[in-house]
Amino acid sequence: MTKSSRPQSISNSISPPGSQGTLDDLRARIASVPEAPTCEPVDSRDEQAWSYCLRLLTSRARTRAELTERLVRRGYPDEVSGRVMDRLAAAGLINDADFATQWVRSRHTYSGKGKRALAAELRTKGVSAENAAAALAQIDADSERSRAEELVAKKLRTENLDDGGVRAARRLVAMLARRGYGQSLAYDVVKIALASEAERRNVG
């Protein structure tokens with residue numbers, strides 16, 4: 001395969017929920033991958049595993065570990081999985097570093113996930129510690145705090161503060177904890193937000 005015919009990286013293939021455009025782009029790149037040359041001997045197990053992985057990739061981008069695990073479940077031997085993964089990587093259809101970067105960006109922006117939750121998600125997908133750390137570095141302390149403040153502000157609109165905000169504070173801190181925000185940050189963000197909201201309601 002020449003350099004000009006190689007599909008692009010998957011860095012833009014991980015879309016926010018409900019976005020069809022980037023998934024269509026990934027499918028187009030899959031369709032552009034040439035079939036194995038007919039002049040060379042082809043291992044039928046390799047081609048079956050290859051086709052199976054392409055079908056999986058048409059639904060969403062996946063890591064090398066995710067695809068390998070699916071092949072193991074299907075009973076493919078390690079040597080077949082290894083060859084297919086190398087072939088997918090050479091075709092630009094899997095790239096764990098790009099996957100991690102886009103996963104963190106999307107999940108933080110659209111799902112409000114904090115760094116702790118994102119790190120756990122990347123581990124479950126088999127992303128290496130090095131790639132995970134590089135991806136998580138996109139989120140600095142200011143951006144994580146800002147996202148936590150947005151989540152609290154949205155939830156706080158419907159909270160009852162008749163008890164001085166005690167129950168609301170517990171619920172909001174728990175909400176941030178579930179999304180992967182640290183306890184200290186959660187308490188501080190909720191405390192400031194509750195004080196501001198109480199003042200706004202009293203003035204109103």
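Student: At what angle do the axes of α2 and α3 cross?

Tutor: This is a predicted model, where local features need pLDDT of at least 70, side-chain atom pairs count only at pLDDT 80 or more, and totals for chains, interfaces and linings use all residues. Residues are numbered from 1 along each chain as its sequence is written, and side-chain values use heavy atoms, leaving out hydrogens and water. Axes are lines fitted to C-alpha atoms, for helices over the stretch in contact, with angles from 0 to 180 degrees between N-to-C directions. The axes of α2 and α3 come within 11 Å, and their crossing angle is roughly 130°.

Student: Which class does that angle put α2 and α3 in?

Tutor: Angles under 35 degrees count as roughly parallel, over 145 as roughly antiparallel, 65 to 115 as roughly perpendicular, and the rest as oblique. The α2/α3 angle is roughly 130°. That makes the pair oblique.

Student: Is the crossing of α2 and α3 left-handed or right-handed?

Tutor: A crossing is left-handed if the near helix is turned anticlockwise from the far one by less than a right angle, and right-handed if clockwise. α2 passes α3 in a crossing that is right-handed.

Student: Which residues of α3 meet α2?

Tutor: Contact means heavy atoms within 4.5 Å. From α2, the partners are Ala49, Tyr52, Cys53, Leu56 and Leu57. On the α3 side they are Leu67, Arg70 and Leu71.

Student: How many helices and strands does the protein have?

Tutor: Helices (H or I, at least four residues) and strands (E, at least two) are DSSP runs, numbered from the N terminus. From that end the elements run α-α-α-α-α-α-α-α-α-α. The count is 10 helices and zero strands.

Student: What share of residues 49-88 is helix?

Tutor: An unreviewed UniProt entry lists this span as "domain: RecX first three-helical". Such annotations may be inferred rather than shown by experiment; positions follow the numbering used here, and feature names are shortened. The end C-alpha atoms of the span lie 11 Å apart.

Student: Is threonine 63 buried or exposed?

Tutor: Threonine 63 sits in the loop between α2 (44-57) and α3 (64-73). Buried means under 20% relative accessible area, exposed over 50%, and partly exposed in between (1.4 Å probe, protein chains only). The relative accessible area of threonine 63 is 0%, so this residue is buried.

Student: Which backbone oxygen does the side chain of threonine 63 reach?

Tutor: Not counting residues up to four places away in sequence, threonine 63 touches Asp96, Phe99, Lys125 and Val127. Its side chain comes to 2.5 Å from the backbone oxygen of lysine 125.

Student: How far apart in space are alanine 61 and tryptophan 103?

Tutor: Alanine 61 also lies in the loop between α2 and α3. Alanine 61 is buried, because its relative accessible area is 5%. Tryptophan 103 is 42 residues away in sequence, yet the C-alpha to C-alpha distance is 9.7 Å.

Student: Which residues of α6 make the contact with α5?

Tutor: α5 and helix α6 (residues 115-124) pack at about 140°, with axes 11 Å apart. They are therefore oblique to each other, and the crossing is right-handed. α5 contributes Ala100, Trp103, Val104, Arg107 and His108, while α6 supplies Leu118, Glu121 and Leu122.

Student: Which residues of α7 make the contact with α5?

Tutor: Helix α5 (residues 96-110) and helix α7 (residues 129-136) have axes that come within 8 Å and cross at roughly 35°. This crossing is right-handed. From α5 come Asp96, Ala97, Ala100, Thr101 and Val104; from α7 come Asn131, Ala135 and Leu136.

Student: What separates the C-alpha atoms of alanine 133 and threonine 101?

Tutor: Alanine 133 is in helix α7. Its relative accessible area is 45%, so alanine 133 is partly exposed. Threonine 101 is 32 residues away along the chain, and the C-alpha separation is 9.6 Å.

Student: Which residue's side chain joins glutamate 197 in a polar contact?

Tutor: Glutamate 197 is in helix α10 (residues 183-203) and is buried at 11% relative accessible area. Leaving aside neighbours within four places in sequence, glutamate 197 is in contact with Leu156 and Leu161. A polar contact is a pair of N or O atoms within 3.5 Å; within protein, one must be able to donate a hydrogen and the other to accept it, and residues adjacent in sequence count only if both atoms are side-chain atoms. At 2.8 Å, the side-chain partner is arginine 201.
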